[in-house]
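Me: I've just opened a new structure and could use a quick tour. Can you walk me through it?

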Amino acid sequence: MIKKVFIVFVSILVIVWFLTPVVLIVLASLTPSEDYYNQNRILPRKLTLDHLYKLFVVLNGWRATLNSLQVAGMAIGLSFLTGLPAGYVLTRYVFPGKNAIRLSILLTRSFPTLIIAVPLIMIYLKLGISDTLFSVALAHTSFILPFVVLITTSILSGISVEYEEAGMIFGLSRFGAFMRITLPLALPGLAASAIFAFIMSWNEVFISSILTFVNRTLPAQILNTAMTSPDYFKFAAGTIMAIPAMTFIFFTRKYLMSMWGISLK
Amino acid sequence: MARVKIENLKKYFGNVKALNGIDIEIKDGKFVVLLGPSGCGKTTLLRCISGLEKVTDGKIFFDSVEVTNLSPRNRNVSMVFQSYAVWPHMKVYENIAYPMRIKGYDKDKIKEKVVWAADTLNISELLNRYPAQLSGGQRQRVAVARAIVLEPAVLLMDEPLSNLDALLRVSMRSELKKLQERIGTTTIYVTHDQVEAMTMGDEIAVMHNGVIQQFGTPEDIYHRPANIFVAGFIGSPQMNFLEVEVIRKDNVLFLRNEDLSIKLPKDLAEKIENDDNKKLILGIRPEDIHKEKDKESTEFEAIEGKVYFTERLGSDTIVHLDFKGIRIVSKLPGDVKIKEGENLKMYMDLGKVHLFSTVDGKALI
């Protein structure tokens with residue numbers, strides 16, 4: 001009995017701990033400015049979508065959102081196009097230096113973004129792709145890719161090579177066996193890691209702010225506009241940032257589990 | 001259906017010589033078992049035949065067509081995997097139909113064939129299920145159905161029974177064998193289980209260290225082992241081995257060591273005539289050592305020792321005899337009355353003795 005009460009108590013504590021900021025942010029983003037600055041008031045008398053509307057429409061938030069979606073899409077596409085074959089090779093083949101490659105993939109994450117950002121701008125200027133969404137997507141790919149390689153390695157190693165070999169025996173080429181046997185089996189896990197990659201790109205603010213001026217992604221745009229605006233705009237920005245990520249995670253929780261190999265069956 | 005011919009096949013993994021010169025010819029329609037301990041190369045050989053493994057050197061022919069460098073899908077082979085490898089994202093029907101779909105068969109033909117294969121393996125009522133809903137034995141039937149449905153030139157099986165429980169394994173043994181006889185497909189079957197090999201194979205290839213030690217019928221392998229490895233690997237309990245020396249005395253050949261002096265029967269003596277003063281290894285199977293002299297045969301050698309240990313298996317009793325420090329194992333009837341610790345005189349049937357060279361282990365008789 002005491003144990004049960006304790007568990008319930010702790011659960012509530014954890015939920016409150018995580019949800020309070022979220023609730024406060026969303027609430028503040030919906031509070032009219034006169035209520036927000038009224039110190040005698042905690043809860044607003046009425047709710048308004050005004051801040052969200054202004055931020056999203058007037059301050060070009062929708063364009064930044066579209067930019068963010070495009071960047072994330074490109075980054076995911078690029079990192080899977082290169083990361084999936086890399087993961088496949090690391091799982092299915094034995095070759096000299098394999099472990100070294102596995103480890104050094106992680107090493108790329110140990111460079112602070114700050115160090116890469118400035119040389120990156122120089123390179124982009126030379127290539128003539130500075131201030132484009134593609135350039136941001138490339139930069140995002142650089143930190144999503146190692147993650148994708150490692151995750152696909154773990155997902156693919158959870159799928160018996162014999163399924164693929166059976167496919168090859170019964171009439172498929174190696175590529176065909178991968179596409180028609182292994183890929184469908186890996187899909188839940190891959191979808192999960194794609195979502196994770198999406199969130200990594202969606203939340204990335206530093207590189208995006210440095211690399212773009214006109215074509216800003218959502219976090220960069222918010223940093224530029226909302227952060228110099230009244231508080232309730234900042235909260236509105238937070239809400240806009242959080243909602244897509246939370247929606248994604250809500251619908252894909254069980255896939256996120258399979259990404260770590262917990263339930264591949 | 002096809003004849004399989006392999007010439008001087010080699011497969012190296014780095015410095016490891018998994019296959020070191022395999023020559024074998026498997027006749028059309030035969031059930032051939034590749035038998036050997038773990039790491040002997042039997043699975044590698046099977047994978048080379050399937051095309052899943054690229055060979056380092058040598059040639060493989062199906063009938064007169066060389067397939068050495070063909071990819072698996074162009075060889076017209078099929079395979080039953082140790083893990084069955086039944087595709088988990090397809091229903092049983094799809095699993096069996098998929099090879100034909102890849103090859104572009106029309107729908108009616110596919111259906112007819114799937115129904116036939118499912119019927120043959122008694123899995124007709126499972127066609128609408130996913131593999132996850134099947135037991136191990138059922139999954140295996142699906143794997144076999146998928147393998148026979150295309151009527152392959154060669155059917156390959158990689159320890160297909162090793163994941164089943166003991167009882168099911170015994171019944172599947174006869175079922176697979178009967179199935180192969182019925183469809184008549186040349187079959188190559190890998191196992192480390194000698195009982196499986198003896199009961200299922202028309203012929204057995206015993207492998208060790210990447211080389212085929214002996215290729216022959218189960219009778220040949222058992223009664224006329226080509227070398228000391230085959231003699232020791234086949235048969236349970238293992239054959240007894242004794243080091244002896246060939247001595248000629250008054251024109252009669254004796255096999256001798258410190259504890260034994262066996263006068264060789266004439267027919268045996270003729271075969272090792274020129275091996276005077278050579279060291280040999282004498283091998284005799286446990287069932288050829290008796291408690292009483294067999295009346296029909298006359299050539300016996302008595303050994304006497306203390307019973308060290310007995311294993312009562314019901315139908316048989318395995319007696320471990322301490323013969324002057326050497327452990328001799330004998331297989332006697334189950335109802336034999338022997339106590340541990342007692343002194344026992346036993347008789348080796350000299351007509352059943354095997355002799356092996358100490359140099360290369362090859363059988364002399």
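Predicted model: local features only at pLDDT ≥ 70, side-chain atom pairs only at ≥ 80, totals over all residues.

Me: Okay, chain A. How many helices and strands does the secondary structure come to?
Reply: Chain A has 12 helices and zero strands. Read from the N terminus, the order is α-α-α-α-α-α-α-α-α-α-α-α.

Me: What does its C-alpha trace span along the principal axes?
Reply: About 75 × 65 × 30 Å for chain A.

Me: And what share of chain A is buried?
Reply: Buried residues account for 34% of the 265 residues in chain A.

Me: What about contacts in chain A, how many join residues at least 24 apart?
Reply: Take the contacts between residues at least 6 apart in sequence. In chain A, 74% of those join residues at least 24 apart.

Me: Which domains does the assignment give for chain A?
Reply: Domain 1 covers 1-48 and domain 2 covers 51-259. Their centres, taken over C-alpha atoms, are separated by 32 Å.

Me: How many residues of those two domains are in contact?
Reply: On the domain 1 side of chain A, eight residues are in contact with 10 residues of domain 2.

Me: Which elements give two or more residues to that domain 1 side?
Reply: Helix H1 (2-29) and helix H2 (33-36) of chain A. The largest share is from H1(A), with five residues.

Me: By class, what is on that side, nonpolar, polar or charged?
Reply: The side of domain 1 that touches domain 2 in chain A has five nonpolar and three polar residues. It has no charged residues.

Me: Switching topic. How many residues are in contact between chain A and chain B?
Reply: Chain B puts in 18 residues, in contact with 14 residues of chain A.

Me: Last stop. Which domains does chain B get?
Reply: Domain 1 of chain B runs 4-224, and domain 2 runs 240-357.

Me: How far apart do their C-alpha centres lie?
Reply: The centres of domain 1 and domain 2 of chain B lie 40 Å apart.

Definitions and conventions: Residues numbered from 1 in each chain as written. Chains lettered and ligands numbered in written order. Contact = placed C-beta atoms within 7 Å. Domains from an automatic or database assignment. Helix = DSSP H or I, 4+ residues; strand = E, 2+ residues; numbered from the N terminus. Nonpolar A, V, L, I, M, F, W, Y, C, P; charged D, E, K, R; others polar. Buried ≥ 20, exposed ≤ 12 C-beta atoms within 10 Å, placed from the backbone.
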